[in-house]
Amino acid sequence: MAVTRLTEQTQTLKGKTTEVQTKLSSCPETSPHLVGPLHVEFNWSRTMEAVRTECGSSLLEGGRYKPPDCISHHKVAIIIPFRNRHQHLIQWLYYLHPVLQRQQLDYGVYIINQDGEGMFNKARLMNVGFAEALKEYNYTCFVFSDVDLIPMNDRNIYGCFSKPRHLSVAVDKFGFMLPYSTIFGGVVSLSKEQYLAINGFSNNYWGWGGEDDDIYQRIAIKSMSITRPDMATGRFKMIKHERDVHNELNLHRGEILEKTSSTMEEDGINSLRYTINKIEKDTLYTFITVDIGSPK
Ligand code: UD2
Ligand code: MN
C-alpha cells in the first residue's frame, strides 16, 4: 500500500526552497536489515558523548527515528523507568538505537527519571511515560524496558502485537530460562488499546517487586493472554548491579497483589498524579524528571 508522507526536502533551485511530496510504501513485514544473534558485552566505558557521535546521526531530537524509506508498522514509545543508572543508560542507548533502527520502527526513547530520594516506584514511572509520550506523538505501541536489559537478538521486535508481549524471556541472570511461567517483568510491550484496557499499571507498588506480577494479573483479569518470542530469539543480558538504595524489597507486595481485581479500576492511568519538573531533549533520548509523590 502506498502511503503519502509529506517530506520537507530542500531543493536549492536558484536559491528557492521547495517542499516536495514523496510516496512511501509500508515497510516489509520483516525488516531486511535484521542480522539475528548479537554480540553484547559490557567491559567498555564509552562516554555519552561518544555514543552520541556513534549513534546520533540518524536521530531527530529527543531520541526520535523514522525509517527513511518506508512507513513503519509500529509507532513505538520506549519507556524506561530510571534513577541514578547513568552508566547503564549509556550502554542501553549504544546497543538499542541500532537495533531499533534495523527493526524499521518509528520510535522515540523516553527516560522517566524519578526526582528526589524517596522510595522508587517503577510502575508509576511507566504510567508517567505513557501519558507524556502521548502528548508528543500519536504512539500506538508502548515498550516498557528496564535500563539494564540488552537484547542478544535483533529479531526480537520491540513492537506491539495482537496480545501483550513479554520480550525478555531468556535473561542470563536467570540462566536463560523463565524463572516462573507468569513472569511479565523486564521488557514488555502493550498497544495503546491493551494498556488502556488494563487501566495501565498500579501506582501503589513502592520499592522492589510485585508490580510486574500485578500487570500480569491485570491482563489475566481482562481475559487477555500474553505472547512471547522463542527462547533463542528472546535472549537478553542484564548489566550486573546490586539492589539500589531506596528500592528495597516491598514487603506489602503480596497483600496489594491479592486485591488487584477489586482495585484495578480505580488504581491506574486514570488515577495517576504527578508533577513534571524538567523535560530535557538530548539527541539520544527525551529525559523527563518527575515528582511522583511518596507512599501514603
Ligand atoms: C526485576 C525485573 C524488573 C522489575 C524488578 C522488580 C526482570 C528481567 N526484571 O529486575 O522488570 O519487575 O525485578 O521491581 O524480570 N531502576 C532505576 N533506579 C533505581 C531502581 C530501579 O533506574 O534506583 C529501574 C531500572 O530501569 C531498573 C529497573 O528499575 O532496570 C528494575 O530494577 P532492578 O534492575 O533493580 O530490578 P531487577 O533486576 O531485580
Ligand atoms: Mn536489573
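**Ligand sites and side-chain pairing in the predicted model**

Ligand 1 is surrounded by 23 residues, of which the closest are Pro 81, Arg 83, Lys 122, Trp 208 and Glu 211, a residue being taken as near when one of its heavy atoms lies within 4 Å of the molecule. The structure is a predicted model, in which local features need pLDDT of at least 70 and side-chain atom pairs count only at pLDDT 80 or more, while totals for chains, interfaces and linings use all residues. Residues are numbered from 1 along each chain as its sequence is written, chains are lettered from A and ligands numbered from 1 in the order in which they are written, and side-chain values use heavy atoms, with hydrogens and water left out.

Several polar side chains approach the oxygen atoms of ligand 1. A polar side-chain atom of Asp 146 lies 3.0 Å from an oxygen atom of the ligand, an N or O atom in the side chain of Arg 85 is 3.1 Å from an oxygen atom of ligand 1, and for a polar side-chain atom of Asp 212 the corresponding distance is 3.3 Å. Taken alone, ligand 1 exposes 730 Å², and the protein buries 96% of that area. Accessible areas come from the Shrake-Rupley method with a 1.4 Å probe, and for residues only the protein chains shown count as cover.

The manganese ion, ligand 2, is coordinated by Asp 148 through OD and by His 241 through NE2, at 2.2 to 2.3 Å. Asp 148 lies in the loop between β6 (141-145) and β7 (149-151) and His 241 in the loop between β11 (235-238) and α6 (253-258), so that the pair ties together parts that are 93 residues apart in sequence. Donors are N, O and S atoms within 2.8 Å of the metal (3.2 Å for Na, K and Ca), and because water is not among the atoms, sites may look incomplete. Helices (H or I, at least four residues) and strands (E, at least two) are DSSP runs numbered from the N terminus. Asp 148 is buried, with a relative accessible area of 4%, whereas His 241, at 32% relative accessibility, counts as partly exposed; buried means under 20% relative accessible area, exposed over 50%, and partly exposed in between (1.4 Å probe, protein chains only).

A search of the whole structure finds 15 salt bridges, each defined as a side-chain nitrogen of Lys or Arg within 4 Å of a carboxyl oxygen of Asp or Glu. In one of them, the side chains of Arg 64 and Asp 106 meet at 3.3 Å, N to O. This pair links distant parts of the chain, with Arg 64 in strand β3 (residues 64-65) and Asp 106 in strand β5 (residues 106-114), 42 residues apart, and both Arg 64 and Asp 106 are buried. Another salt bridge joins Asp 154 and Arg 102 at 2.9 Å, N to O. Asp 154 lies in the loop between β7 and β8 (165-166) and Arg 102 in helix α2 (residues 86-102), so this pair ties together parts that are 52 residues apart in sequence. Asp 154 is buried, with a relative accessible area of 0%, whereas Arg 102 is partly exposed at 22%.

Glu 136 and Lys 281 likewise form a salt bridge, at 2.6 Å from N to O. Here Glu 136 belongs to helix α3 (residues 122-136) and Lys 281 to strand β12 (residues 275-281), distant parts of the chain that are 145 residues apart. Glu 136 is partly exposed at 38% relative accessibility, and Lys 281 is partly exposed at 34%.

Asp 267, in the loop between α7 (260-263) and β12, makes a polar contact through its side chain with the side chain of Ser 202 at 2.6 Å, and Asp 267 is buried at 8% relative accessibility.

Key
Polar contact = N/O pair within 3.5 Å; in protein donor to acceptor, adjacent residues only side chain to side chain.
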